[in-house]
Amino acid sequence: MPATHLPSRLSVNRHHQAILRQIQATKPGRGNTTQRPEHLGTTRKWYGLKNAQSRAILLDFIAAHKDLSYEDWLALLDALYHGDSYEERCAPRTLFRKFPRYRRQLPLAQLDAWLGCLNGWAEVDSTCQTVFNDKDLLADWSGWSALLESLAGDENVNKRRAALVLLTAPITQSPDRRILDLSFQLIDRLKGEKDGRITKAVSWLLRKGIKQHRDAIAAYLEAAAPALPTIAVRETRRKLATGKK
């Protein structure tokens, strides 16, 4: 489907403003010490909401807007991805998951552009972890494989992380060899990087692959171990041996 024209961000999106008002009016979660800006890798404004609080705001919005059109959904996502706060940039996750039909209509070029709005592991993972599934990817394999290869070669480290994290759900959901082979290809491309956003994502993807491809992951690990990040080798070997993270 061709990209839908998005309204100028100079105009006010009423849905975005309604969600933002709820974010601003919500009291920060007590004891929220693990979700702090320095831990999340963000320098944006942070309202201190727990994930459950942010999700509840979006679920309330969705319950009141079940008839949201594709065009309004798209414009809302674009406004959120250009919001000033961490909570706004992470809000699209629930809108992707609760509108699967719209999610599958989304032009991948638009997703690529939105990924460029994210900074830090937590923002990236909010869009990329368990949002797009194996059926999404396999329904347009040529488009998705081209996007992931492009992300892996992007100068933006956040996009490179996205390339790996986007595969962590599909690789657990499908035995399709194309997903595994692409995962190995992208890991080989990124395995020499030292940034923790990449080394931890490599480990994550390898460990997730064990569910559907245990023997192939074990063989790859032993062959590639000297060149892989130390954390990836250590954690994947532990997962293979114990079944635990």
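Are Tyr 81 and Trp 114 buried or exposed? I looked this up and found both buried (under 20% relative accessible area, with exposed over 50% and partly exposed in between; 1.4 Å probe, protein chains only).

Note on the source. The model is predicted: local features need pLDDT of at least 70, side-chain atom pairs count only at pLDDT 80 or more, and totals for chains, interfaces and linings use all residues. Residues are numbered from 1 along each chain as its sequence is written, and side-chain values use heavy atoms, with hydrogens and water left out.

Entry on rings. I found ten aromatic pairs in the structure (rings of Phe, Tyr and Trp, the last by its six-membered ring, with centres within 6.5 Å; planes under 30 degrees apart are stacked, over 60 edge-to-face, the rest tilted). Tyr 81 and Trp 114 are a stacked pair, because their ring centres are 5.1 Å apart and their planes are at 25 degrees. Tyr 81 is in helix 4 (residues 70-81) and Trp 114 in helix 8 (residues 108-115), so this pair ties together parts 33 residues apart in sequence (helices are DSSP runs of H or I, at least four residues, numbered from the N terminus).

I then looked up Phe 99 and Tyr 102. Their centres lie 5.5 Å apart with planes at 10 degrees, so they too are stacked. Phe 99 is buried at 9% relative accessible area, and Tyr 102 is buried at 9%.

Entry on cysteines. I searched the whole structure and found zero disulfides (cysteine sulfur atoms within 2.5 Å). The sulfur closest to that of Cys 117 is in Cys 128, 12 Å away, which is too far for a bond.

Note on methods:
Helix = DSSP H or I, 4+ residues; strand = E, 2+ residues; numbered from the N terminus.
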